[in-house]
Structures are given as structure tokens and as C-alpha cells.
Amino acid sequence: PGGLVGSIGAAGPGPADGHEAGTVWVAVDSARGSRAALARFPGGREDVRRAAVRRAVDLLQGELERMR
């Protein structure tokens, strides 16, 4: 079985759908279940996007370590 990694949020420069810029959800889904985390990152659009990717990779790495 495969897994999924995803993110959604408001990278900026302004709010989106009522959420402040920098507000991002990241999630991982695997055979062991799903994990999600809400994060708020400072900075501009590219800073927020980079930080969201790093957080998603960290969440994925944690899930892979738990699967060992």
C-alpha cells in the first residue's frame, strides 16, 4: 500500500479564505494511519512555501521511522 503527503494553506502575501498568510496544514497518510499538523510560518510567500515543504518532509520522515 502507498501513502500520501499533502499540504494546504495560505502562503500569502495576504489572507486566503479567512486564514492569515503563513497558516498551513501538512499531513501524511500511511498504512499506519494519518497524521496532520497545523503550522504558522513567518515571512513572505516563498518563505512560507519552503517552510511548509520542510514540515511535510519532517512529518513524512517521522512516519517512515515509526514504520521500521
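Is Glu63 buried or exposed? I looked this up before anything else. Glu63 counts as buried, at 4% relative accessibility. I note that I am working from a predicted model.

**Entry: overall layout**

I went through the secondary structure next. Read from the N terminus, the order is β-β-β-α. I took the extent of the C-alpha atoms along the principal axes and got a box of roughly 40 × 20 × 15 Å.

I then checked burial for the chain. Of its 68 residues, 26% are buried. The accessible surface comes to about 4,800 Å². Carbon and sulfur atoms hold 53% of that surface. I also looked at contacts between residues at least 6 apart in sequence, and 37% of them join residues at least 24 apart.

**Entry: charges**

I counted 10 positive and 8 negative side chains in the protein chain. The centres of the two sets lie 4 Å apart. A search of the whole structure gave me three salt bridges.

**Entry: Glu63 and Arg66**

I returned to Glu63 and looked for its partner. Glu63 forms a salt bridge with Arg66, with 3.3 Å between the closest N and O atoms. Both residues are in helix α1, and because they are three residues apart, about one helical turn separates them. Arg66 is partly exposed, at a relative accessible area of 35%. Glu63, by contrast, is buried.

**Entry: Glu46 and Arg49**

I moved to another pair in the helix. Glu46 and Arg49 lie in helix α1, which covers residues 45–66. They sit three residues apart, about one turn of the helix. Their closest N and O atoms are 3.3 Å apart, and the pair forms a salt bridge. Glu46 is partly exposed at 42%, and Arg49 is partly exposed at 44%.

**Entry: Asp47 and Arg50**

Which residue forms a salt bridge with Asp47? I found Arg50, with the closest N and O atoms 3.7 Å apart. Asp47 has a relative accessible area of 39% and is partly exposed. Arg50 is partly exposed too, at 46% relative accessibility.

**Entry: nonpolar surface**

Val5, Leu60, Leu64 and Met67 make one of about 330 Å². I placed Val5 in strand β1, residues 4–10. Val5 is partly exposed, with a relative accessible area of 45%. Patch members need over 30%, so Val5 passes at 45%.

Definitions and conventions: Residues numbered from 1 in each chain as written. Predicted model: local features only at pLDDT ≥ 70, side-chain atom pairs only at ≥ 80, totals over all residues. Heavy atoms only, no water. Patch = residues over 30% accessible without salt bridge, like charges linked within 9 Å, V, L, I, M, F, W, Y side chains within 5 Å. Areas by Shrake-Rupley, 256 points an atom, 1.4 Å probe, with all protein chains shown as cover. Salt bridge = Lys/Arg side-chain N within 4 Å of Asp/Glu carboxyl O. Helix = DSSP H or I, 4+ residues; strand = E, 2+ residues; numbered from the N terminus. Buried < 20%, exposed > 50% of the residue type's maximum accessible area, 1.4 Å probe, protein only. Contact = heavy atoms within 4.5 Å. Lys, Arg positive; Asp, Glu negative; His and termini not counted. Charge placed at Lys NZ, Arg CZ, Asp CG, Glu CD.
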